[in-house]
Amino acid sequence: MIYLLERRQFVPRDVPAVFGFFKNPYNLGALTPPWMHFRVVLSSDPEIREGTRIRYRLRLHGIPLGWESLISEYVENAAFADVMVTGPYRRWRHRHEFQPVPGGTEMRDRVEYELPFGPLGRLGHFLVRRQLAAIFDYRVVVIARILGSGA
C-alpha cells in the first residue's frame, strides 16, 4: 500500500532564495530533528541536479541506518524530487515544489511511501505516520527560523 504525506508552507522570501537553500544537500541536516542523529555522508554534487546521489546516516529508534537518495527530477527554481535508492522504506519519493506567491514563496512537499514487511508494515503504519508528521512539523519550525517567518 502506498501512503501519502503532503505539506505546504509559506516563506516570505523569493523563490530563488528559498530554492537556493534547498539545492544545497548539506542543508538537509539542519532540517532534520536532532533525535534522528542525521548527517550527510556524501553528495555526488555540491548542489543538487538531476542524477545527484546523496548518502545519509541516521538513527530510527536508536537503530543506525543508511539511506541513499537519487535526485530523479530537477527544474531550477520550480521543483525537484528525490527517490530512495537504499533505506528503510520499500518505496520513497519526495517531491519538493516552489511557487511564487504574493510576498514570497509557497513550498509544497509531497511524499509517497510504502512500508516494508507487507501486512506487518501496514499494521505499524500509524507509528510511522506519527513519526513522519513530527519530522515535517520540525521542518516547518526550522524553515521559518532560517528563511523567515510565515510558517
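First, the ground rules. The model is predicted, so local features need pLDDT of at least 70 and side-chain atom pairs count only at pLDDT 80 or more, while totals for chains, interfaces and linings use all residues. Residues are numbered from 1 along each chain as its sequence is written, and side-chain values use heavy atoms, with hydrogens and water left out.

Let me start with the helices. Helices (H or I, at least four residues) and strands (E, at least two) are DSSP runs, numbered from the N terminus. Two packed helices are described by the angle between their axes and the distance between the axes. Here the pair is α1, residues 15-22, and α3, residues 125-147. Their axes come within 12 Å and cross at roughly 120°. An axis is a line fitted to C-alpha atoms, for helices over the stretch in contact, and angles run from 0 to 180 degrees between N-to-C directions. How are α1 and α3 placed relative to each other? They are oblique, because angles under 35 degrees count as roughly parallel, over 145 as roughly antiparallel, 65 to 115 as roughly perpendicular, and the rest as oblique.

Which residues make the contact? From α1 they are Val 18, Phe 21 and Phe 22, and from α3 they are Arg 139, Ile 143, Ile 146 and Leu 147. Contact means heavy atoms within 4.5 Å. By class, six of these residues are nonpolar, none is polar and one is charged. For the classes, Ala, Val, Leu, Ile, Met, Phe, Trp, Tyr, Cys and Pro count as nonpolar, Asp, Glu, Lys and Arg as charged, and the others, Gly among them, as polar.

Next, His 94, which is found in strand β6, residues 91-101. Is His 94 buried or exposed? His 94 is buried, with a relative accessible area of 5%. Buried means under 20% relative accessible area, exposed over 50%, and partly exposed in between (1.4 Å probe, protein chains only). Leaving aside neighbours within four places in sequence, its contacts include Phe 136 and Arg 139. Arg 139 has already come up, on the α3 side of the helix contact. The side chain of His 94 also makes a polar contact of 2.6 Å with the side chain of Asp 109. A polar contact is a pair of N or O atoms within 3.5 Å; within protein, one must be able to donate a hydrogen and the other to accept it, and residues adjacent in sequence count only if both atoms are side-chain atoms.

Glu 73 lies in strand β4. Its side chain is joined to that of Arg 95 by a polar contact of 2.5 Å.

Now the loops. Asp 45 sits between β2 (39-43) and β3 (53-60). Asp 45 is buried, at 14% relative accessible area. Its side chain makes polar contacts with two side chains: Ser 44 at 3.1 Å and Arg 49 at 3.2 Å. Beyond four places in sequence, Asp 45 is in contact with Pro 25 and Thr 52.

His 37, with phi near 50°, lies in the loop between α1 and β2 and is exposed, at 52%. Asn 77, with phi of about 60°, lies in the loop between β4 (63-75) and β5 (79-86) and is partly exposed, at 28%.
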